[in-house]
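Hi everyone, thanks for making time this morning. Let me put the structure up, and then we can walk through it together.

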Amino acid sequence: MTMNRRDFLKVSAAGSGGLLISLSLPGCSSLPSNGGDGEKAWQPDAWLELTRDDRIYFTLARVEMGQGTYTGLTTLIAEELDVAPDAIQPRFAPVASDYQNPLYKLQLTGGSTSVATSWEPLRVAGASARTMLVSAAAKVWKIDPRDCTTTDGRVFHPNGSDSLSYGELVALAAHEDAPSEPKLKPRNEWKYIGKSVGRLDAELKSTGKPIYGIDVELDDMVYAVVTRLPRFGGRVRSYDDTQARSLPGVLDVFQIERGVAVVADKYWRARKAQDALSIEWDDTEALAVSTDEVFAGYHQAADDDPGESERSEGDYEKAAEGSDRLLTASYEQPYLAHATLEPMNATAHYRDGSIDVWAPTQAPDVGRIAAARATDLSPDDITIHTTFLGGGFGRRLTNDYIEEVAAVAMRIGRPVKLIWSREEDTRHDFYRPAMLHRMKASLRDNQVTGWHHQVVGPQILDWYVRNAAPAQFPWAPKFMYDTLGRVGLMAEGIATPKDFSAIEGAIEYPYAVPNLDVRHTHTDPGVPVSWWRSVGFSHNGFAVETFMDELAHTLGQDPYQFRRSLIGEEPRHLAVLDRVVAMADWDQPVPEGRGRGIALFRSFGTFVAQVVEAGIENGEIRVYRVHCAVDCGQVVNPDIVRDQIEGGIVFGITAALFGEIEFKQGAVQQSNFHDYPLLRNYQMPEIAVDIIESDESPTGVGEPGVPPVLPALGNALFALTGKRQRKLPLSAES
């Protein structure tokens, strides 16, 4: 790719007299979009600062929620700057358009895009800084800069003995012209990229030094809790706070949009006062649906509406008419909560016509809009301080907790920390949508001639209406927020991105079947939904790869060989499929009482194949082993890739075995880990992850481990029991 580096490098002297390099990257590269292979343009992304006292600061435009951006993105800078990653101090970015994710036009961390969107610009930043530092040193020595070398933050004279530190050179380097084409290191000279560099936040987290949102402490701080409506869409009719106000430490009790807030001098005192409240709810407009009714509605919608065509090749109906057999199946997946280990929280201080908010958010610019909604302030009056996140999984893209704390802070006028309980976090989530999949396949002469997939359920674009559109236009007055959202919704696929959340993973069906028909029947029962780790790939992966297994069984073929026979034109799919089969000794029998299942899936540009070995012990499903082969393009840090793939596998197994949020008359029935459990240590399988070496551009790894493990586990149980499960969570009794 050819590009003019001068177009996007801005160089200036920092306030400390050091070197400040800002990346401004208009249209200098393209990346695959979340739902396909369309091209997207780069936007401003990050800042690098070098000071005279040899400190190097890197402003991290993506949040750190355990996925490794703190280390991975710093490594890209370090490689080209020729310093060790631990010589660089990352710091979280403030809200600014310079730090928007180019794929979303928002300052958003999600979609497994952090490394992919930073791969070239951050390396260019490091290389450009190194080039200017070398040029400055060469002028001091009056030699050709090509004769100089760098290592560990120093520029060396060709005599091998003289050297200057970067700190000694930054004032001079700030006056150098930015290179139009800074030379990036060839792969054979990489010291850090592709190597297992230790995580920069490991020691911090091991010693309790990082500040998560829930750790924020400010002088004169008070604590708030909110009693929210038990059913979505209801309202407070009236409340009696007499007893609550009489309790020690209680400072105020008042109504906000989402419920009744209690503020006290200590957190537990606020909780005790919350228990003393008497609230009468107005359920006139509240959600009243139950889970059974949701799926009944989905089936009715599927019968009434064949849905919008999302991918069509050949003629499925003609293939079905000429078939020997027609295989059909329906799959149901429930609502799922995010269950981040750090529950929702935020701290805010309203004063002097402005507000500061400290929050673990995946989208700080959207958080700023949330705070503006709840106060009398404009976005420019709001400062978001992003902290470390104790898990995100998409939940912290929806900044409702920031909206709440801002409303409380505006009334209190003191620093106030809002903390959700685990029960509140479970019952007031924005859930992974419940989905229905109707599958059909036409067979003729023992060949699959047609594939039909009808996806039934809601999209997530509705979230855009309230949050994303105003964040993209922070200059707009607040009375326009809802209008901007409605316009964005109406302009889906034209002025705003198409929402692939329901169909991603279905429209990328990779197998060589001549007649394809993929459709989406949109129906929305009103349950608040949002992104959940791997989003639509999670439910489409289960449907697609379970149905592929059913087809293999119907045709009497080995599940691996069946997939292999249809994937031959997809070399990266084929490579991970063959690799995982070798890892798992697929051709060897499994121990007695166990079954083995396989699945192959691409999500977020990453190719993953998994083999699961499972059984049933004491009436419970046990997962013994998971083998996984992954092709995520060029790897920045192999250990982080393995960590994320393993974490995705555990996340997926948890959903497959335990994940289900049930509604009864509009109220969530689960509340804590006793009835919405996570996989426990004693249930952990052995996990082996093998990474395919690749020269392709890096893709995401935070989410692609999730989708294949759900069907692979279900397929393993079928291999063991001969009974096919088409509904999640999986059941040992079934």
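Let me start with the crossing of α14 and α18, which is right-handed. Before going on, please keep in mind that this is a predicted model. The two helices, α14 and helix α18 (residues 706–721), have axes that come within 7 Å and cross at roughly 35°.

Which residues make that contact? From α14 we have Phe537, Ser538, Gly541, Phe542, Glu545, Thr546, Asp549 and His553, and from α18 we have Pro707, Leu710, Pro711, Asn715 and Phe718. If you sort the contact of α14 with α18 by class, you get six nonpolar, five polar and two charged residues. And as a reminder for the students here, angle and distance between the axes are how two packed helices are described.

Now let's zoom out for a moment. The protein chain contains 18 helices and 28 strands. Of its 734 residues, 61% are buried. Looking at contacts in the chain with a separation of 6 or more, 76% of them come from residues 24 or more positions apart.

So what sits inside? The largest nonpolar core has 97 residues, and those with the most contacts inside it are Tyr335, Trp451, Leu551 and Leu713. Helix α14 (residues 535–554) turns up again here: it supplies nine residues, the largest share of this core. Apart from that core lies another one, of 36 residues, including Leu133, Val134, Cys148 and Val170.

Let me pick out Trp451 from the largest core. Setting aside neighbours within four places in sequence, Trp451 is in contact with Tyr316, Met439, Lys440, Tyr509, Val513, Asn515, Leu516, Asp517, Val544, Phe547, Met548 and Leu551. Leu551 is itself among the residues with the most contacts in that core.

From the other core, I'd like to follow Val170. Val170 is one of the buried residues of helix α3 (residues 166–173), together with Tyr166, Gly167, Leu169 and Ala173. How are these arranged around the helix? Seen down the axis of α3, the buried residues fall within an arc of 155°, so they line one face of the helix.

Is Thr654 buried or exposed? Thr654 is buried, with a relative accessible area of 11%. Not counting residues up to four places away in sequence, Thr654 touches Gly659, Pro677, Leu678 and Leu679.

Asp54 has a phi near 65°, which is positive in a residue other than glycine. Asp54 belongs to the loop between β3 (47–50) and β4 (56–60), and it is partly exposed, with a relative accessible area of 43%.

Asn618 also has a positive phi, of about 50°, although it is not a glycine. You'll find Asn618 in the loop between β24 (606–617) and β25 (620–631). Asn618 counts as exposed, at 81% relative accessibility.

And the last stop is a peptide bond: the one from Leu728 to Pro729 is cis, with omega near 0°. Pro729 lies in the segment after α18, which brings us back to the helix we started with.

Terms used. Residues numbered from 1 in each chain as written. Predicted model: local features only at pLDDT ≥ 70, side-chain atom pairs only at ≥ 80, totals over all residues. Heavy atoms only, no water. Core = buried A, V, L, I, M, F, W, Y, C linked by side-chain atoms within 4.5 Å. Buried < 20%, exposed > 50% of the residue type's maximum accessible area, 1.4 Å probe, protein only. Helix = DSSP H or I, 4+ residues; strand = E, 2+ residues; numbered from the N terminus. Contact = heavy atoms within 4.5 Å. Axes fitted to C-alpha atoms, helices over the stretch in contact; angles between N-to-C directions. Left-handed = near helix turned anticlockwise from the far one by under 90°. Nonpolar A, V, L, I, M, F, W, Y, C, P; charged D, E, K, R; others polar. Arc of directions from axis to C-beta.
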